[in-house]
Amino acid sequence: MSHRPRTRKALSCGLLIVPLAVSATACGSSSSESLSAQPYDAADQITANAPDGNHKADPDKPLEVSVKGDEARITDVTATDASGRYIRGELSADGRRWHTTVPLAAGTRYTVRVSTEDEDGAPGRKTFVVDTTDADDRLRVTFGPGSGTYGVGQPVTAELSKPVDNPKARAVVESALKVDSTPRVEGSWHWVDGKSLHFRPKEYWPAHATIAVHSNLDGLKISGGLYGGPAKPVRLSTGDRVEAVTDASSHQMTVLRNGKAVHTIPVTTGKPGYSTRNGVKVILGKESFVRMTSASIGASDFYDLPVYWATRVTWSGEYVHAAPWSVGSQGAANVSHGCTGMSTANAEWFFNNVQLGDVVKVVNSEGDSMAPFGNGFGDWNMPWKEWRDGSALRNKGATKTGAAERESRTDDGARLRPEV
């Protein structure tokens, strides 16, 4: 009996690359009998460079599977982790060897399924497991904000446990961070600095969308001895599209819900020297009471005021809040130290009708523009092309960061610099 497999048209199928569970057996015998035959145990025909059950494989080394002797050939190999993710590999044209083409994940168990064919075309099977050693150095990711309902302006954030500066390593990290929305939108990650990424769509999120954020980084090799760690997924939803647009020159705020104006409020914004920032901001928090003092921003004119119905839009202390002391100027003049002031009744209405992530936009102020990063969520003030240029996947090999380093602030920074 010959021990060489029969020559078949299967070998004309070209490159046999197995990125997913795409079976290479379609290139084998066309016999319906062989396709329906009960597979035999191919354990004696298959060898692999995987350690025995008492040892673990080095994730930096490729996994190799080969056939013994000349009596069979490999037709298909799949290797999956516990989450069902496939590891890419390549099968030689003669069907005698398969090997992985990307690094294995650290601290992971793979189930390897090998399909073979003997010299008579009968199918064989072998299944075994491979455990890889864990990594000493793990990069962990924390997504923000937490799960919940937000306004349509809320960006998604990813904070890394250590900086990643190499462009190729950034591409690995970014490609593993997944944002899925219903309805689907065009969006992109942007590297703020080596430890922080923000994700936003080209336009605001749709109203009443659902957004699922998760990481495929766990165990993945990033660079050198650095591997990805686990990350807790988050699930967000958006409410109505709420936008509050303040025209500093006309001293009016118009609140729109789903594109329709629902309330117009007389306001006062920052006076000369303290002009309110122009541009889009996103609501960061709501405080029914906050104490604001001139010492916190170095104002030359002293004030120490109890402030009610305060809706925060910057970390440095810009709010939309009740300002009963300036009611005479509201709708007529700008007299604040940077905040948007209104009557107590209007501030309470605003406080109760907005949520975190809603959009607050200021136009026609003499102030600077809201920075994209460092003082809240000014992400929407960056043009879309520039935003996409901050993606490591769009600019592989780029060395610049997406934007300047963020300001540092203490955990209680929410009360550091109110700007009444």
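1. Let me start with a strand pair: S14 and strand S17 (residues 210-215) run antiparallel to each other, joined over 6 bridges. Strands here are DSSP runs of E, at least two residues long, and helices are runs of H or I of at least four, both numbered from the N terminus; two strands pair if DSSP finds at least two bridges between them.

2. A word on the model before going on. This is a predicted model, in which local features need pLDDT of at least 70 and side-chain atom pairs count only at pLDDT 80 or more, while totals for chains, interfaces and linings use all residues. Residues are numbered from 1 along each chain as its sequence is written, and side-chain values use heavy atoms, with hydrogens and water left out.

3. Back to the sheet: S14 and S17 belong to an open, mixed sheet of 4 strands, ordered S12-S20-S17-S14. Its edges are strand S12 (148-150) and strand S14 (177-182), each pairing on one side only. From one strand to the next, the twist averages 25°. H2 packs on this sheet and touches S14 and S17 (contact: heavy atoms within 4.5 Å), with its direction at about 35° to that of S14. Those angles run from 0 to 180 degrees between N-to-C directions, using lines fitted to C-alpha atoms, for helices over the stretch in contact.

4. Now the packing. The largest nonpolar core has 35 residues, and the members touching the most others are Leu-139, Phe-143, Leu-160, Val-173, Leu-177, Trp-189 and Val-213. Helix H2 (residues 167-176) gives the most to this core, 4 residues. A core here is a set of buried Ala, Val, Leu, Ile, Met, Phe, Trp, Tyr and Cys residues joined through side-chain atoms within 4.5 Å, with buried meaning under 20% relative accessible area (1.4 Å probe, protein chains only).

5. Which residues does Leu-160 contact, leaving aside neighbours within four places in sequence? Leu-139, Arg-140, Val-141, Val-173, Trp-191, Gly-194, Lys-195 and Leu-197. There is also a second, separate core of 19 residues, Val-65, Val-67, Val-112 and Val-114 among them.

6. For the whole chain, I'd note 4 helices and 29 strands, with 47% of the 420 residues buried.

7. On confidence, pLDDT (the predictor's confidence in each residue, from 0 to 100) averages 85 over the chain, and 82% of the residues score at least 70. Residues 1-34 are below 50, with 57 contacts in the model beyond near neighbours in sequence. Residues 397-418 also stay under 50, with 48 contacts beyond four places in sequence.

Methods:
Buried < 20%, exposed > 50% of the residue type's maximum accessible area, 1.4 Å probe, protein only.
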